[in-house]
Amino acid sequence: MKHLLSAADLSRDEADLVLDTAEEMRSLADRPIKKLPALRGRTVVNLFFEDSTRTRISFEAAAKRLSADVINFSAKGSSVSKGESLKDTALTLQAMGADAVVCRHGSSGAPHLLAKSGWMTGSVVNAGDGTHEHPTQALLDAFTMRRHLGSLEGRRITIVGDVLHSRVARSNVLLLSTLGAEVTVVAPPTLLPVDMSNWPCGTSYDFDSVLPKSDAVMMLRVQRERMNDAYFPSAREYSRRYGLDRNRMAQLPDEAIVLHPGPMNRGMEISAEVADSTRSVIVEQVTNGVAIRMAVLYLMLSGSNEEEQKA
Ligand code: CP
């Protein structure tokens with residue numbers, strides 16, 4: 001694996017390899033010493049043009065636990081504010097010897113441009129690009145579901161909310177279908193993409209009818225910052241029809257789990273009571289995110305390390 005730009009990049013075998021490797025990395029979280037020497041001498045750059053809490057910190061923790069050197073770049077406070085281009089930023093990082101760049105960008109396709117342009121020779125990981133994809137989020141979500149549900153083959157996963165603006169939804173639909181799950185996305189018509197013909201999932205506008213048949217429900221953040229008010233239903237109306245509250249949660253099968261990628265709008269797409277309930281695996285998703293990102297960085301960078309050491 002040279003780059004990870006889309007969940008569609010992963011075959012079933014490759015996705016299973018990442019998940020199995022993450023299982024080994026996850027076992028480190030329970031040990032007093034959480035560090036491995038696997039990426040000693042490697043440099044990972046976190047290149048974040050958009051805000052992040054979980055993804056940035058998680059990649060930093062993952063790289064450090066594998067003994068890589070980590071450089072954190074945030075567009076805020078950098079020369080990007082003076083008009084520096086993505087190309088010149090990339091050339092600067094290349095000159096500093098980045099082996100992998102973890103890129104979050106507000107524009108869909110920015111990590112693809114970094115990977116394909118030749119500006120950098122290292123690996124590129126898409127850490128969320130615009131409304132397009134967030135493949136490591138999908139991997140950590142699948143990992144979390146697999147830990148609770150076992151194999152995802154034939155499991156019924158429901159993804160609810162602002163699908164139109166959600167890179168998390170697209171990556172999850174792609175990855176979960178690769179892993180054999182049956183995915184249904186639920187949203188108001190105005191928050192679904194117009195053309196979903198290439199999405200391998202079912203769609204519904206009726207949350208209540210899908211709930212009793214769901215092994216896992218993933219609630220999506222309503223991304224007000226990406227929409228104009230003209231097509232957004234009122235918060236109250238949205239919450240009434242598409243929010244997960246205690247009454248709706250009671251319609252789920254006994255073993256079903258509730259996920260949210262974060263950050264959450266408590267009281268909007270998910271009630272505080274549900275978010276903090278025993279069915280919620282939201283905090284666990286964050287822990288698992290470190291293991292997944294360790295696995296991704298390890299699979300990308302450790303092979304080339306070994307080859308260089310042999311040379
Ligand atoms: N889930 C997610 O990408 O969260 P952050 O925006 O905090 O990284």
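The chain has 11 helices and nine strands; helices (H or I, at least four residues) and strands (E, at least two) are DSSP runs, numbered from the N terminus. Please bear in mind that this is a predicted model, in which local features need pLDDT of at least 70 and side-chain atom pairs count only at pLDDT 80 or more, while totals for chains, interfaces and linings use all residues. Residues are numbered from 1 along each chain as its sequence is written.

Let me begin with overall dimensions. Along the principal axes, the C-alpha atoms fill a box of roughly 60 × 45 × 35 Å. The radius of gyration of the chain is 19 Å, which agrees with the value near 19 Å for a compact globule of 311 residues. That radius is taken over C-alpha atoms, and the globule rule is 2.2 Å times the number of residues to the power 0.38.

The chain is divided into domain 1 (7-132 + 286-303) and domain 2 (135-283), with bounds that come from an automatic or database domain assignment. Their C-alpha centres lie 25 Å apart. How many residues of domain 1 are in contact with domain 2? There are 24, and they meet 22 residues of domain 2; contact here requires C-beta atoms, placed from the backbone, to lie within 7 Å. On the side of domain 1 that touches domain 2, the elements giving two or more residues are α1 (12-28), β4 (123-129) and α11 (282-310). Of these, α11 gives the most, with six residues. By class, this side has 12 nonpolar, eight polar and four charged residues. In this scheme Ala, Val, Leu, Ile, Met, Phe, Trp, Tyr, Cys and Pro count as nonpolar, Asp, Glu, Lys and Arg as charged, and the others, Gly among them, as polar.

I turn now to the sheets. An open sheet of four strands runs in the order β2-β1-β3-β4, with parallel pairing; two strands pair if DSSP finds at least two bridges between them. Because β2 (69-74) and β4 stand at the edges with a single partner strand each, one side of each is left without a neighbour in the sheet. The twist averages 15° from one strand to the next, where axes are lines fitted to C-alpha atoms, for helices over the stretch in contact, and angles run from 0 to 180 degrees between N-to-C directions. Within this sheet, strand β3 (residues 100-105) pairs with β4 over five bridges in the parallel sense, and histidine 105 has aspartate 129 of β4 as its bridge partner.

Another open sheet, of five strands, has the order β7-β6-β5-β8-β9, also with parallel pairing. Its edge strands, β7 (202-204) and β9 (257-259), each pair on one side only. Strands β5 (residues 156-160) and β6 (residues 182-186) are joined in the parallel sense by five bridges. Helix α6 (residues 167-178) packs on this sheet, touching β5, β6 and β8 (216-219), and its direction makes about 160° with that of β6.

Finally, the ligand. Which residues surround it? They are Ser52, Thr53, Arg54, Thr55, Gly128, Gln137, Pro261, Gly262 and Pro263, a residue being near a molecule if its C-beta atom, placed from the backbone, lies within 6 Å of it. By class, the shell has two nonpolar, six polar and one charged residues.

Two backbone details remain. A cis peptide bond, with omega about -10°, joins glycine 262 and proline 263, and proline 263 is placed in the loop between β9 and α10 (272-275). Serine 67, in the loop between α2 (54-65) and β2, has a positive phi, near 70°. Most residues other than glycine have a negative phi, and most peptide bonds are trans. Thank you for your attention.

Conventions. Two residues are in contact if their C-beta atoms, placed from the backbone, lie within 7 Å.
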